[in-house]
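Hi everyone, thanks for coming. Let's have a look at today's structure together.

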Amino acid sequence: MEEVDVEPTITFIPGINSKEKHIGFVWGPGDILVYETSHKAAGKQSVGPSCPDVQVVRKDEDIYSPILRKLFNESHHIFVGLQNIRDDLPSKNKKPQFVRISKNYRSVIRACMEELQQIAVSTRDPALAAQYGNQVSILLAVELIWNLCEVLFIDAAPAGSLLLHLLDWVRLHKAEVDEKAQDVLRCESPTRHQFFWDVVISFVLQGRMEEARSMLAKQAVLQPAAQTTFKRMDSLLQKMPIYNPSSTQTLTEFEVKWRQWHEECDASLQDNSFASNPHLETICKILLGDDDTLLEHKELLSTWYHYVVTRLLYTHPTVKPIDLHYYAQMCMDRFLDSQSPPEPLDSILLAAFEFDIHQVIKDCSIALNNWWFVAHLTDLLHHCKLLQSHNLHFGSNLREFLLLEYASGLFTHHSLWQLAVDYFDHCQGFGRVYLELLIERVPLDTERKALKVLRICENRQMNEQVRSICKIMAKRALRNNRLGSALSWTIRAKDAAFATLISERFLQDYCSRGTFSDLDLIDNLGPAMLLSDRLTFLGKYREFHRLYGEKRFTEAAKLLLSLMTAKIAPQSFWMTLLIDALPLLEQKEVIFSVDQTHELMFCLEELTSGKAPPNPDRPMQEEDLETTKIELLRLALARNLAMAIVKEGTVEA
Amino acid sequence: MDSIGKYVSQKISKTRWRPVSSASLQQPEMFATGSWDNEDNKVSLWTIGDHGVASMEDEFEGDTQLLCEIKHEGDVLDLQFLDADRLVTASSSGAVTIYRHHQNNQTLSVAHRWDRAHHYPCDNAPCTGVVCNSPEVVSVGEDGRIILFRADQTGVLRTIENADSSTIHAVTFLRTAEVLTVNSIGQLKLWDLRQQSNEPAQILALTGDRVPLHCVDRHPNQQHIVATGGQDGMLCIWDVRQGNIPFSLMEDHSAEMWEVHFHPSNPDHLFTCSEDGSLLHWETSSSSDTPSFLQSGRNTSIISRSAIAPAGGNQSIISVWLPGDSGKGHLETTHMLPCQTLSVNSLDVLGQCLVCGTDGEAVYVNRQVPV
């Protein structure tokens, strides 16, 4: 078993005194159910009042936050779009697509962050504000890491452009400079503002030469005496070469130019051109990439990764990706004091600089309480084919593992389970199995929800689940006496056994009441009638009644007979059918032909031959009723036979 | 003309435009949404900002803003505006509720609730549909009841018990005292509320497979023409006066069709939305003004069909939806949403504005619907 990286946090359950009683628990898909047992802790004699509640302990609060829900929905949209990118395009064309998708994800994170920020500011409850603030800082860190991963892994810029991208990265995440600059510029005399030089130096630290120059110009105007020094600085700032990836200039040429510029800066420093103005001297030292000067401005840099990028900008602008980690490690050691252990964020960023994707993912999984970030990032990296080159014992299945964990977490949410379905679809190994197990556990309160769940199952040919869900809904409908609903669910599941059950209910109803209920259903069964024999019988029997009501006796008679001879009617019902035939037999005109009468008699014999001999224990009334019925039938049949023979034997005159 | 999506952190089951007076030519500005499948469901009112700016890139100007919302017990299974200030909802707990919108302080409050209007002997039955013809409100539910209310009376006006042995999915007014319901065994039933009997006046159904029907809408001008959508995504157009089979069947959705709407002022246009995540705009158009039998080069079968006058006497207006005229025109469908989403549960169209809500917790508004 792996050793635990961090100390587990302790959560106290309100209402249960863990010192007095033991706590029982049961794992759920995303949470734990906790309850108080009656086991007393050792050594305790008297105990306090017991807690009758069962408590739910959730690890992941985020999926219940309304603003973060937008994150889940939007990223689901992007995820599905990403999966549908065709695989047969050459990878050269796909890189800009992947970069675009990565930017989409990031803009979604940013939008959420801004909204959380607004709410955190406007809410009055301090606890809530603190919680929002916490979420904002987590999202900030997440976006920072994602952006770096995009620069290093997805965009994978070569030397030269690499530094430009890193500069962009730093600038994006150090927006305080712009706010400060705005403050300074807004006041009446910007040059006398206390932060004036801080802003200028910050601009230089971020490599924003244009802005630095325009600020310095303001200062230059006020000090005409020092014109030459300011001009010198201005020219240095202007002449700094910036690598242009789309130009024809090669990296080596750029390097030569840069070296020349660097020497020029050095010369300016050596010949004391800036001795008169300590600020300008500082700037010149920064341009030379002087470590001590950079470290003096720790508060302006504020983070070690800013320090790394700035240092590289002014010492090694053509740094190669593989050399990055060496500088990163060195700068981090110098910038941070060695006493406190590195924050999780720092070690994640360092791992990224070292191009150790797996370490990044692992650290992020531990640091964050929600699988959202690692699942989506890993999925994107997988599509960029970056995970395969690493050998790990669960190598290419890392993506699937993370997606499954994320989706299972989503499934515990009462509403977001629908998103999880798409995630399971795109996990080739176990996605389907997970979905099969989880989809049956979605609570079905209304028919509409059941229909949606069914559609999900049918689209994926999960026939077991379809049958099971339809059966649940049909049973529920039956319990509430909604026979029509029950039948429509049964038809959808093509469940013959249940259809038989429903027909039995109808027939029982008829036997007890003498009339059919729900005629609108039985009359309009249509092809559904063929689902089960009993159902067919029900439909045909009803048709017999209709024909009888319409006085179409010959057809009614034929139908009645066919019900018995074709064995559509269950034997238990034959007596009722024969009794139904009585009025037809008793009619003045002959309805049943000789053959038909013979068949009826045959049916009657079949019925009575199976009956037990008279039992002295049985009540006399029942016996009498049965025998009377049979006698009546026999009499009627005999009479009908006689009339039929005569009729058929008569020759028309 | 793209629709703009806004994520609202709740799965939307119904969206409806607030009615604007037909006299003014204003476009609708406010719509209501109902949510479902949440632990706390809500009914919310949204505005879509002003239409003042009408420059080219600013077609989409005016963000959707939440005005007010109120908690709703149970899923919102149907939502209708009773008038400009009141709306009625059908709940999965079986209740029918009237909400009032107070313009002065932009709040919603419950004006009246009929609890357990739809129920089983020992359970709650979801109320699946509600339709208004102010001040009358008709609701239908999974318990197969049809209930008639008046908005200003606390009691129930009339209940048709056991109107249907299966779930009634939707209801619409055909004429002032006639309603049409569709159920889960694929039948349309016409009810005359002036009669005291509990039997439908007419039953219409497909002869083949009985597919459950989920939505129904009546043609705004010609009251005998009705469109329904079913579980298999098929759109059926029926003529209620004649025959009991649909006139035309069109299949363009691959899953349940949740809502169908004729455009209220331009009924040559029809809109449908479905579980498969698409919203379709159906447009019939005549290729020319002259009847086909006068055009040259047409084949005879078309001439003979269009030469048959519809039964029921002289009809000066022949609807383009009935196939007697399919020789004259053709049907075009266009997808209104930019890309595939999760199920589109609801749509509403008024004037040139279309709003729809999805299971992806997003609401899409399109203000330049080509009608």
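This is a predicted model: local features need pLDDT of at least 70, side-chain atom pairs count only at pLDDT 80 or more; totals for chains, interfaces and linings use all residues.

Residues are numbered from 1 along each chain as its sequence is written, chains are lettered from A in the order in which they are written, and side-chain values use heavy atoms, with hydrogens and water left out.

So, the interface. On chain A, 38 residues are in contact with 51 residues of chain B, contact being heavy atoms within 4.5 Å. The two chains bury about 3700 Å² between them, 45% of it on carbon and sulfur atoms; that's the accessible area (1.4 Å probe) that two parts lose on being put together, summed over both. Over in chain A, A:Arg448, A:Lys452 and A:Arg482 lose the most area to chain B, together 19% of what that side buries.

How many salt bridges does the rule find across this interface? Seven, counting a side-chain nitrogen of Lys or Arg within 4 Å of a carboxyl oxygen of Asp or Glu. B:Glu256 makes a salt bridge with A:Arg455, with the closest N and O atoms 2.8 Å apart.

Now the helix, α3 of chain A, residues 126–154. Helices here are DSSP runs (H or I, at least four residues), numbered from the N terminus. With 29 residues, α3(A) reaches 40 Å from first C-alpha to last, close to the 42 Å expected, which is 1.5 Å times one less than its number of residues. Just after α3(A), A:Ala156 has a positive phi of about 45°.

How values were computed
Helices (H or I, at least four residues) and strands (E, at least two) are DSSP runs, numbered from the N terminus.
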